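Hi everyone, thanks for coming.

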Amino acid sequence: MAENRAKMPMQPRFSFMWFWVLVAIGIIGVSLFGEPEARPIEGDWDMVNNLVENGCVERIEVRDRENASVYLTQAMVDSLAKDDRFKNMPTTGAHIKFNTGGDVQDFREQIERAEARAAENGIEAEKVKIKYIRSEKGWGEYLFDFL
């Protein structure tokens with residue numbers, strides 16, 4: 001019996017380390033060469049103003065008086081998807097992000113003026129819903145505001 005074991009050729013054993021190496025290479029490959037992540041595009045007031053005047057904006061969320069997220073109507077998302085500048089724009093969620101400048105009252109008045117111009121041009125659209133969100137600051141953020 002001992003002689004049979006000595007004559008059996010030595011076979012390599014499977015190591016699960018190779019499995020995890022292949023998984024890691026796959027994850028890195030997908031992150032490097034996969035499709036680009038859909039993120040809201042950076043916009044400015046002129047872009048948002050034109051979209052409001054054309055009745056393409058469904059709602060706007062303003063966070064901390066400055067950061068606005070614009071949600072477009074589905075028809076506008078479908079039409080912008082054909083444009084190369086907007087190819088990475090998400091199909092759901094916030095579509096455009098921009099800075100309002102911090103003056104909430106002035107921002108609201110500008111939106112109302114854009115809606116009035118849309119009505120003058122005969123574009124029938126629902127009023128843009130604006131939601132103001134204030135995020136709670138932790139004690140560390142107040143310290144950095146002070147410095």
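**The loop, the rings and the pocket**

Let me start with Asp 64, which counts as partly exposed because its relative accessibility is 33%; buried means under 20% relative accessible area, exposed over 50%, and partly exposed in between, with a 1.4 Å probe and protein chains only. Before going on, please keep in mind that this is a predicted model, where local features need pLDDT of at least 70, side-chain atom pairs count only at pLDDT 80 or more, and totals for chains, interfaces and linings use all residues. Residues are numbered from 1 along each chain as its sequence is written, and side-chain values use heavy atoms, with hydrogens and water left out.

Back to the loop. Asp 64 is found between β2 (57-63) and β3 (67-72); helices (H or I, at least four residues) and strands (E, at least two) are DSSP runs, numbered from the N terminus. Most residues other than glycine have a negative phi. Asp 64, however, has a positive phi, near 55 degrees. Arg 65 lies in that β2 to β3 loop, and its phi is positive as well, near 65 degrees.

Now the rings. How many aromatic pairs does a search of the whole structure find? There are four, where rings of Phe, Tyr and Trp (its six-membered ring) pair if their centres lie within 6.5 Å, and planes under 30 degrees apart count as stacked, over 60 as edge-to-face and the rest as tilted. One of them joins Trp 45 and Phe 98: the centres are 6.5 Å apart and the planes at 45 degrees, so this pair is tilted. Trp 45 belongs to helix α3 (residues 45-53) and Phe 98 to strand β4 (residues 96-99), so the pair ties together parts 53 residues apart in sequence. Phe 98 and Phe 107 are also tilted, because their planes stand at 50 degrees, with centres 6.0 Å apart. Trp 45 is partly exposed at 23%, while Phe 98 and Phe 107 are both buried. Together, Trp 45, Phe 98 and Phe 107 form one aromatic cluster.

Last stop, the largest pocket, with about 160 Å³ of space. A pocket here is an open set of points on a 1 Å grid over the protein atoms alone, where a 1.4 Å probe fits, with protein on both sides within 12 Å along at least five of seven lines; lining residues have an atom within 4 Å of a point. Its lining has 14 residues, and Glu 115, Ala 118, Ala 125, Glu 126 and Lys 127 lie nearest the centre. Helix α5 (residues 104-120) gives the most, four residues.

Notes
Grid points are joined across faces, edges and corners, and a volume is the space filled by probe spheres set on the points.
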